[in-house]
Amino acid sequence: MGPVSAALLLESEDVNAFRDEPEAARGAAAALGRRIGLSEQRTGELVLAVAEIGTNLRKHAEEGTLLLRVLRTADVAGVELLAIDSGPGIADVALALRDGESSTGTLGIGLGAVRRLSDAFELHSVPGRGTVLLARFWPRGTPPRLTGNEPAVAGITRPMSGEQECGDAWATRADTGAAPAAAPEPQPQPRAQANAPGSLMDWSVLTGRRARSADSPAPAAPATRFEGSVSAVAPGPGDAVLVMLCDGLGHGPLAATAGREAVNAFRAGRSRTPEQAVQEIHRALARTRGAALAVVRIERAGGELTFCGVGNIAAALVTPDSRTNLLSQPGIVGHQMHRLRTYRHALPEDGTLVMHSDGLSERWRPADLAPVLSRPATLIAAHLLRQAGTRRDDASVVVAKGLW
């Protein structure tokens, strides 16, 4: 098992979501290609692929969405496109991938040409249920360690219908174990006022429960403990990967602000444990609307995972025939949290970590993911978003695999 490298962990930014807007998608693809410095030829190839896929979605798909975003390492940036729809699916994938095969009314280059032009290409389709397509475009000459490898952690965010900004956000970073950070010092929490102007919101307004006053004693810890819970966690030896998923309360610009602040605090933080990371982000979100939040630390050498969550972020370790849910505590990060608790779990040898916001139903089963668990993390996330996502809320999925 090699060290964590930039080839495993990619940052994403500038997410654009389009429904039934092929022209707008082409324009966004051209703008992204120019902004990150793709050559004119490479940008043209990207735009051609987006045009083919976008037109196919418009003419033939049900509830089709095309997502465009920038993927970035410290040295290079590329553009990724994802097409997700709920039907009718592709009956003969092999035929659809032949060069030049294209449905009536598209540009005629076909999905086979899209595969040939892109640096990475994945397609999964179930007749009658829908299709997920992934294609990445890196600058010509990008090292094979990037173009030929899949990120070990991949996330997808999608705004609710009618919104331009998404309040869900995710991030990941490596911990080499070289410089332990001191535990963050407790800080006084600001008191939010119900229905006050600005972005602060009161716990009682959001939950219907009366907020505890500053002079009231903290609630007693539960008498029973969830199996695997620990009161204090020290980071294990060797390198690790930390993954964060945030769901800014509500939707729209204020929720998106909370998501951005969470990402910034997580990336700039020095914490090595999930509980410390939650505390850092809690302070950073004090002047925002607040969020549900979960942070995971994957111990690569030890085969263990530690998890700390607040609010309704769903998280699970999944195999083809099992799902082990990870437990979060009630609260709103940035405003009021119960006593934090960290949980430790052994990582199953063939397992995949899945986290998602409440923009997805939790009713999915391991069997729903079994057909794609051997595929790249990005495709798994897109498949779950297609199957369980709702248009009535911002939605996000993060998947980690291949790190243990």
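Colleague: Which ring does the charged end of Arg-173 sit over?

Modeller: Quick note before that: this is a predicted model, where local features need pLDDT of at least 70, side-chain atom pairs count only at pLDDT 80 or more, and totals for chains, interfaces and linings use all residues. Residues are numbered from 1 along each chain as its sequence is written, and side-chain values use heavy atoms, with hydrogens and water left out. A charge counts as over a ring if NZ of Lys or CZ of Arg is within 6 Å of the ring centre and within 35 degrees of the ring normal. At 4.7 Å from the centre, the charged end of Arg-173 sits over the ring of Phe-266.

Colleague: How far apart are the end C-alpha atoms of helix α7?

Modeller: Helices here are DSSP runs (H or I, at least four residues), strands are runs of E with at least two, and both are numbered from the N terminus. The expected span is 1.5 Å times one less than the number of residues, so the 16 residues of α7 should span 22 Å. The model agrees, with the end C-alpha atoms apart by 22 Å.

Colleague: Which strands stand at the edges of the five-strand sheet?

Modeller: The open sheet runs β6-β18-β17-β12-β13 with antiparallel pairing, where two strands pair if DSSP finds at least two bridges between them. Each edge strand has a single partner, so one side of each is left without a neighbour in the sheet. Those strands are β6 and β13.

Colleague: How many bridges join β6 to β18?

Modeller: β6 and β18 run antiparallel. Val-153 stands opposite Ala-400 in β18. The number of bridges joining β6 to β18 is six.

Colleague: What is the relative accessible area of Thr-324?

Modeller: Thr-324 lies in strand β13. Leaving out residues up to four places away in sequence, Thr-324 touches Ala-315, Ala-316, Leu-317 and His-345. Thr-324 is partly exposed, with a relative accessible area of 38%.

Note on methods: Buried < 20%, exposed > 50% of the residue type's maximum accessible area, 1.4 Å probe, protein only. Contact = heavy atoms within 4.5 Å.
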